[in-house]
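Have your viewer open and try each one before reading on.

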Amino acid sequence: MMVRPTDEVIDHIRDIPIYQESLANGCFPVLDKTEIARGFPDNWMTPRLAAALRNGEAEFVLSTGTNHARMRIIRPPYFLLRSYYALWRDHPDIGRTWESGCPRLSLTTVLATEHVARVNAARRGAEPGRPPTPADRRLDERTSYLNLRLDPARWTREDVLRMLGEIDLARSAHPRGEYHLDCSGYHLAHLVRKVEAWGLENAFPEPASIVHAYEYTPVNVRRFLHRRFACPVIDLYGSTELGYLFYSDREGRYWPHLDRMSVELLPAAPGGAIHQLIVTSVRNPHMPLVRYRTGDCVRTLDGTPDPGKIVQFCGRLKELLTTPDGPVAQGDLDRHIAAATPRIFLHQLRLHGDTEATLLYTTFTGEPLGAAETESLRRSTGELTGRNCRIEHRARIPIGPSGKYAWLTADRA
């Protein structure tokens, strides 16, 4: 079914070239990334947007790709940051730390750190330093980035002590010695493991609040973080082009934050319970998106397409695994593994042709699963995926060039 936008949305898109055919015939099909990119930026250009680009009210940026191509978009400066700050301020569990002026320390991909350093260097008319100094890594008066290495598994004791020192310095400027930790769940879990392995617990001050917001965080990683930290640990869902749309509470339930937005759910496959997320948004005034296919998938409480019943953001549409019983998403395999054992930290399903697969995994302790646990996981993973599966322990699973982990890979033909 094609949904017609509201009159408010129509007012925002009336002059934008990409929407002219839809406005003329009153029919608005789902908008894909390929359509956004075709003819970009002329397909979005209006006199108002051209003026905004000239005076600095709008800028070109790239979406944050994980394992797929990045997309050029136009948005106001600090669009995603302001969306994050608005949600932090309004969040019922962690709004207090915003109001108290907590500094925000961000522990995520080195690509994010390098982006901030490049922006700061461009402002100074200089090349970014190598490695970026703490001043280079400060995004604004509130936020600083910590990570200087692609693979957190490769952090040295020196790396960890530097990051802990920067955390301590930032929190010491707060009246109550508090700070807000923004992170990839994977990166924070790696840091905790390093801290515990090297006996540095006393050097790692407890955050007042934690948000993980950069990628899918597995159930076992969430469990690990909730056991380690007493403060609220919150998940955010959003994207570069949209800002943040949903947040979890400290109990893990998701709530909408749809300022100037609406959401539809469409089946990812006929008759299936996995739904793809379709968003209409005028939050970004320079590039309003009507029925935009985000590429993300969700599951709802009862399998119906009701956005108010979303219980899991379960992965990417392009990464659904086809099986005899229907598509399997990243979140499906993750829930399956978490139900089998809480010991697995990282995992990756490697496909070999159409009938074979290997589930690679690491554990939080570094020790492999026992024989009985491994065999049980082998059988159940085979049933889930419809493949003959092997289970193999690894000391390390390499991180991708984006600084994020791929849950699904395939042998090259």
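This is a predicted model: local features need pLDDT of at least 70, side-chain atom pairs count only at pLDDT 80 or more; totals for chains, interfaces and linings use all residues.

**Exercise 1.** At what angle do the axes of helix α8 (residues 157-172) and helix α9 (residues 185-197) cross?

*Solution.* Residues are numbered from 1 along each chain as its sequence is written, and side-chain values use heavy atoms, with hydrogens and water left out.

Step 1: the α8 and α9 axes cross at roughly 105° and come within 11 Å; axes are lines fitted to C-alpha atoms, for helices over the stretch in contact, with angles from 0 to 180 degrees between N-to-C directions.
Step 2: α8 is therefore roughly perpendicular to α9 (65 to 115 degrees; under 35 is roughly parallel, over 145 roughly antiparallel, the rest oblique).

**Exercise 2.** Find which residues of α8 and α9 meet.

*Solution.* Step 1: on the α8 side look for Val160, Met163 and Leu164, and on the α9 side for Leu191, Lys194 and Val195 (contact means heavy atoms within 4.5 Å).
Step 1: sorted by class, this contact has 5 nonpolar residues, no polar and 1 charged.

**Exercise 3.** Describe how α9 packs with helix α10 (residues 219-228).

*Solution.* Step 1: their axes lie 10 Å apart at an angle of about 50°.
Step 1: that makes α9 oblique to α10.

**Exercise 4.** Identify the partner of aspartate 182 in strand β6 (residues 209-212).

*Solution.* Step 1: strand β5 (residues 180-183) pairs with β6 in the parallel sense over 4 bridges (pairing needs at least two DSSP bridges).
Step 1: the bridge partner of aspartate 182 is valine 211.

Conventions: Helices (H or I, at least four residues) and strands (E, at least two) are DSSP runs, numbered from the N terminus. Ala, Val, Leu, Ile, Met, Phe, Trp, Tyr, Cys and Pro count as nonpolar, Asp, Glu, Lys and Arg as charged, and the others, Gly among them, as polar. Buried means under 20% relative accessible area, exposed over 50%, partly exposed in between (1.4 Å probe, protein chains only).
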